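Welcome, and thanks for taking a look. Here is a short briefing to read alongside the structure.

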Amino acid sequence: MPDSAHPIEVVVNGERHESVVLGRQLLVHYLRETLGLKGTHIGCDSGNCGACTVIVDGKAVKSCMQLAAQADGREIETVESLSEPLGPPNRLQAAFTRHHALQCGYCTPGMLMSATALLREQEAPGEEQIRRGLKGNICRCTGYVNIVRAVQDAAGTLAQGARIPGENSPRESSPRGADSPAPSRAAGAER
Amino acid sequence: MLLPELEYARPDTLQEAVEALAGTRNARVLAGGQTLLNALKLRIVHPDLLVDVSRLEELRQIVEDEDGTLRLGAALTYDELAGDALVRARHPVTAAMTSRIVDRQVRARGTLGGNVCLGDPTSNFPPLLVALDARLVLRGPAGSRELPAERFYLAPYLTALEPGELLTEVLLPPLAAGEGVGYESLQVGTDSWALARASALVRVQEGRIAAARVVLGCGPVPTRQPAMEAALVGGPATREAIAEAARLAGEAFAPQADVHATAEYRIAMARVMARRAVIAATKEA
């Protein structure tokens with residue numbers, strides 16, 4: 001049985017795209033290869049790790065577990081939508097930088113997109129809600145503590161004493177994070 | 001990983017979907033795809049055609065009949081079910097269980113129908129639906145038929161769905177006064193798959209258990225526990241009496257041993273889950 005081809009129309013990071021996709025094409029391949037949005041990572045390719053997480057119509061989903069054809073008519077947000085290229089990181093990204101919430105960084109796009117969806121749904125999630133909310137994303141480097149702290153910081157639910165990322169030397173921070181002004185909340189927490 | 005070559009179709013109506021399924025020898029229903037896409041990647045299934053039913057309006061309704069029966073469309077996602085005010089009000093235990101399936105990404109895509117029809121021994125819904133005495137509406141080229149959930153599961157991954165048939169709705173009977181539901185799982189991690197599950201529906205009258213349905217999950221098929229049910233009925237709705245009755249759980253229950261647990265351990269834990277599920281159900285009643 002040959003592949004079938006399907007015209008689709010999607011809005012990705014605010015931009016409308018009309019494409020023809022194969023029936024068997026996964027959404028993650030469409031985003032990375034057809035649209036060149038390589039921020040969405042392929043980790044396990046089996047729905048377990050969450051590195052390929054994007055937001056479709058407001059919901060975080062694993063883009064390796066959905067056909068591109070199934071995204072027809074949907075609005076998709078990838079990690080590229082969080083901030084401008086070379087521009088300052090957004091509040092969540094800045095919190096990840098301050099709290100060392102990444103090491104190799106491979107899982108980070110998925111973590112950011114899951115956390116973005118979580119923070120839109122819940123105004124002030126606590127640690128338990130964040131851990132449960134990020135359960136679909138696996139990180140093999142950090143042990144999660146710093147990721148949870150970063151999301152708590154971005155959510156404004158981090159305890160005062162834990163909100164001190166000021167020890168980071170600029171060299172250790174990402175250039176973006178170091179150059180950009182820290183969000184006022186974090187600035188206020190610095191000793 | 002690239003999927004095998006296949007055709008994809010997204011019919012606009014249920015009738016067209018049924019015709020597509022019946023008209024292609026090797027067609028499969030695609031809804032959320034949270035299991036099927038992995039099965040395709042692993043070349044476990046080799047369909048020629050995927051019929052995407054995830055947008056069919058007929059499969060996305062939640063309707064309460066006059067007699068209180070809740071009709072749940074098979075293509076509703078876990079998120080949609082867990083967040084629905086009617087489901088939460090009428091079947092709070094079902095809503096709570098659904099809100100804790102796997103993770104947020106899976107809950108955004110995975111569907112009730114997919115969970116029910118996969119027939120995976122560890123799936124969440126099967127033991128619950130059997131305990132609730134749910135009925136399943138199956139639509140084929142010859143029309144619709146209803147089947148109690150209890151008669152739907154034949155063996156692991158094998159259900160009473162005929163080729164060309166599609167699950168369209170799950171019907172939950174209303175809970176009567178004094179009825180409560182319990183659902184307990186032994187999970188390896190938070191919201192993970194389970195080693196043992198049990199679900200119970202009990203009716204409590206004046207401190208005594210007047211009716212009980214107890215079902216074990218994580219065996220080959222969801223398994224009613226008639227001996228435990230009989231021991232419960234007529235007895236007091238107390239922890240002690242329930243614990244005594246739960247010693248009879250495990251009847252006709254033959255879970256597989258695997259890398260995670262021996263069969264004996266699963267049976268022992270199923271008894272614990274059965275006891276907890278009934279205790280929880282009496283509190284809900």
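Two residues are in contact if their C-beta atoms, placed from the backbone, lie within 7 Å. This is a predicted model, in which local features need pLDDT of at least 70 and side-chain atom pairs count only at pLDDT 80 or more, while totals for chains, interfaces and linings use all residues. Residues are numbered from 1 along each chain as its sequence is written, and chains are lettered from A and ligands numbered from 1 in the order in which they are written.

**Chain A**
- Among chain A contacts between residues at least 6 apart in sequence, 60% join residues at least 24 apart.
- Chain A has 7 helices and 5 strands, where helices (H or I, at least four residues) and strands (E, at least two) are DSSP runs numbered from the N terminus.
- Starting at the N terminus, the order is β-β-α-β-β-β-α-α-α-α-α-α.
- Of its 191 residues, 47% count as buried (20 or more other C-beta atoms within 10 Å of the residue's own, placed from the backbone).

**Where the chains meet**
- Chain A brings 27 residues to the contact and chain B brings 26 residues.
- On the chain A side, strand S4 (59–62), helix H3 (108–121) and helix H4 (127–133) each give two or more residues.
- S4(A) gives the most, with 4 residues.

**A sheet in chain B**
- Strands of chain B form an open antiparallel sheet in the order S11-S12-S13-S14; two strands pair if DSSP finds at least two bridges between them.
- Its edge strands are S11 (179–187) and S14 (223–224) of chain B, each pairing on one side only.
- S11(B) and S12(B) (residues 194–205) run antiparallel and are joined by 9 bridges.
- B:Gln187 has B:Ala194 in S12(B) as its bridge partner.

Conventions:
Buried ≥ 20, exposed ≤ 12 C-beta atoms within 10 Å, placed from the backbone.
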